[in-house]
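Dear colleague,

Please find below the structure that I am handing over to you. My notes on what was found in it follow directly after.

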Amino acid sequence: MDAEGPQALCDLCLAQVCRSLDSLCSRRADGSMSLIWAPLLPQETADQLLHKMATTGILNDTTVGIFRNCKELRLRRASIRCCPVSAEGFRLALCPHRLQELDASWVPEGLTGADIVSGLASNLECRSSLQRLSLNGLRLDCESLEEDGGVRVGFSSLQGLRTLNLANTDLTDAALEDICTLPQLETLDISCSAVSKLTALLECKNTLKSLIAHRLRQLDMSPARLLFVLSRLHALRHLDFSDDHFSVDDSDGRDGDETVRQLLEGSPQVLPSLVSLDISGRKRITEAAVRVFVEARSSFVFLGLLATGVSSCDVLSSRENLKVTGEANEKQVCEALRRYRDRECFTREALIHLYNLTTDIDKPRPDMLKLVLGGMQSHPTSLHVHLVATACAFNLTTQDLAEAMPVSLLTSTVTQLLFAMKTFPSHQQVQKNCLLALCSDYILQDVPFDKYLAATLVINWLSSHEDPTLQRMAVAVISILVAKLSTEETAQLSKDVFIMKQLLAIVQQKAMVGVVDSTLKFALSALWNLTDEMPAAARNFIECQGLELYEEVLESYYTEPSIQQKILGLLNNLAEVEELQADLLEEDLLEHILSLLQDSQVEVGVRYFAGGILAHLTSRPEAWTLDEELRTTILHQLHTSIMTWTQLEREMVSYRSFRPFCPLLQTCQPSGVQLWAVWAIHLVCSQNTSHYSSMLEKEGVTELLKALAAHPDTHGNIKGLSDNILRMVEQHQSHSGAFDNQTGPRNS
């Protein structure tokens, strides 16, 4: 079981409701959804349903309509973050609720801050009940706020507000003045806004406990005036006056830096309640100033010093309860990734330092991987973040480290890596980092993720890169992924002629110089898996001149059984397709394959696949176009050679189904054809009875084997193997039945 344990039942139920929403709802005249029947949900459950719809990406104007039912679905803490909800959809579905919290950050459909404020203010209950409002990333459009009964509606209409987030907005000085009249305002985030003056803050100096003012690029106040305003905020406990060090040149932010310097060096009587200060990204800060500041404030709990150059100040390590963001050690870097998840500049900076910390890591650190994943998820389109984050992800999952990670964490990480490959297709280093992370046996074999998407992305990458090391990894990844695809996914992938051409080009490239390496073997394995019971792929293979190439490779690699086996395995797949058998009926090719079948010095694995090709091609006398004497010789040699084969210990082949064997098991078939088929079935069943037993029953193969065993003309060798297979199946079923009986009835 995953170290993080199973999902909560409530989560599973909410996810099921989201998946079934269409069948649970009817449509109103405007197209919005309405639940056909709605129980009176606990208020927390209604909040969770809205949140689940938002995080799964199904919340929009249509689906949000279910919340127009305010009696059964009562919202208190609502989130429509990043969801395409219009002003009308918001007004009809959310404004009638007695909301306490609302997160409408980064809503993309033209919903403005003015729409939200006027909508909420239209509900008299909301005016007093709403305590938290987040409009991060929205256009506020405060000028468009309408008058309500002769009184202009603004943020101050929401008298219950305690926490307001207006980061990354077009907040103006006039709107800030309106906001600061709120009687209970405690937390205000105006980061990256258009504010130029902070004087309005004096209006809430007795209530404001937390001011977040990161990167105020248009701030126009002298250091003295700014410090005067800040020093009057008597209730302030947390101040964030950090800056984006990547986008600031030496002349920008100078007044802010000077304000910070004066604050650090000033009297502790300035901002006496302050216990948390963030000045990350600020320039011209000295260790001496930090030391004086920290020593004068014994109750301090947090200091943000990332990208200031002073986070290694000795006084910081002597204070056990003081959390610090910086680059001096692992603790500071991880704290930075935790606190700055939504800030690209600091996430990028912290990841650079984390990469250096994880280069030679030898212990699993799921906590670090979670932080890296969080950074990528928060900045999905940031090349800077993904460039470093993908490298960190590789460091943290390389070799055996991945096996100690929670599976769900690895699934999320791989999903994000695939997203990065898709988002930055032409950035070589990001692609390389993702490929390095993917190239892990454990991740590819045991971690659930979208393997079809991964295969297509890696194949596309392969088409434009010829670096031998990366090519080897890419082909290895493709080979393993193709074997993991469902039949439907393999069919979809195998229709793409481009994929076939890419893999054949690698085979040809290696064969031209006679190389035997893992890249060649992986490419051959991928082609083998792609054509397994896939007639369209087999046809593409022939149309791409794959057959001619394989004939050459089969002859030139006559001393390499591992190569021969993969070549013959694919030719087996072709031979199973009746309409393609004519392409294989070449005398030279068949005589070469026959020589491999007869040669006792050749490994059984090679002879096995040689026999399979010949069995399929000789099973249809009406389609045979070559000399009849050759067919007779092949059939005789099939029986004679197979009787000399020893049972293999290792698993050499696996089958999606036994359907291609059914024509070979007919009682009218020559004994050589029958013998190869029963020997093959006996081989895989003896190695994995539990897997193949039900397949034999389901596909009607057991009936064919019984008919063979009972037919008077069936050769004794074939009867013996058929009886052995049937006995294995019977014993497995008896054992399974006994086990089921031991476990007792399921529905007691």
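The second largest pocket of this predicted model holds about 680 Å³ of space. Of the 29 residues that line this pocket, Ala483, Asn529, Asp532, Val653 and Ser654 are the closest to its centre. Several helices contribute to the lining: helix H20 (468–484), H23, helix H26 (561–575), H29 and helix H32 (689–698) each supply at least two residues. The most comes from H26, which gives 5 residues to the lining of the second largest pocket. Sorted by class, the lining comprises 11 nonpolar, 12 polar and 6 charged residues. As background to such a search, rolling a probe the size of a water molecule over the atoms shows where empty space is left.

In an unreviewed entry, UniProt places the feature "domain: Protein zer-1 homolog-like C-terminal" at residues 376–730. Over residues 376–730, the chain is 71% helix and 0% strand.

I turn now to the aromatic rings. Counting ring pairs whose centres lie within 6.5 Å, the model has 14 aromatic pairs. Trp528 and Phe609 form an edge-to-face pair, with 5.2 Å from centre to centre and 85° between the planes. This pair links distant parts of the chain, since Trp528 belongs to helix H23 (residues 518–530) and Phe609 to helix H29 (residues 604–618), 81 residues apart. Are these two residues buried or exposed? Trp528 counts as buried because its relative accessibility is 16%, under the 20% limit. Phe609 is buried as well, with a relative accessible area of 3%. A further pair is made by Tyr655 and Phe658; their ring centres are 6.2 Å apart and their planes stand at 45°, so this pair is tilted. Both Tyr655 and Phe658 are buried.

Arg339 lies over the face of Phe302, at 3.6 Å from the ring centre. Likewise, the charged end of Lys451 sits over the ring of Phe449, 4.2 Å from the centre of that ring.

Two residues deserve a note on their backbone angles. Most residues other than glycine have a negative phi. Asn168, although not a glycine, has a positive phi of about 60°. Asn168 lies in the loop between strand S8 (163–165) and helix H7 (173–179), and its relative accessible area of 32% makes it partly exposed. Leu271 is not a glycine either, yet it has a positive phi of about 50°. The loop that holds Leu271 runs between helix H9 (254–265) and strand S12 (276–278). Is Leu271 buried or exposed? Leu271 is buried, with a relative accessible area of 0%.

Finally, here is a note on distance along and across the chain. Leu133 is found in strand S5 (residues 132–134) and is buried, with a relative accessible area of 2%. Between Leu133 and Ala710 there are 577 residues in sequence and 80 Å in space, taken from C-alpha to C-alpha.

With kind regards

Technical notes
Residues numbered from 1 in each chain as written. Predicted model: local features only at pLDDT ≥ 70, side-chain atom pairs only at ≥ 80, totals over all residues. Heavy atoms only, no water. UniProt positions renumbered as here; feature names shortened; annotations may be inferred. Helix = DSSP H or I, 4+ residues; strand = E, 2+ residues; numbered from the N terminus. Phe/Tyr/Trp six-rings, centres within 6.5 Å; stacked < 30°, edge-to-face > 60°. Buried < 20%, exposed > 50% of the residue type's maximum accessible area, 1.4 Å probe, protein only. Lys NZ or Arg CZ within 6 Å of the ring centre and 35° of its normal. 1 Å grid on protein atoms, 1.4 Å probe; cavity = no way out; pocket = protein on both sides within 12 Å on 5 of 7 lines; lining within 4 Å. Points joined across faces, edges and corners; volume = space filled by probe spheres on them. Nonpolar A, V, L, I, M, F, W, Y, C, P; charged D, E, K, R; others polar.
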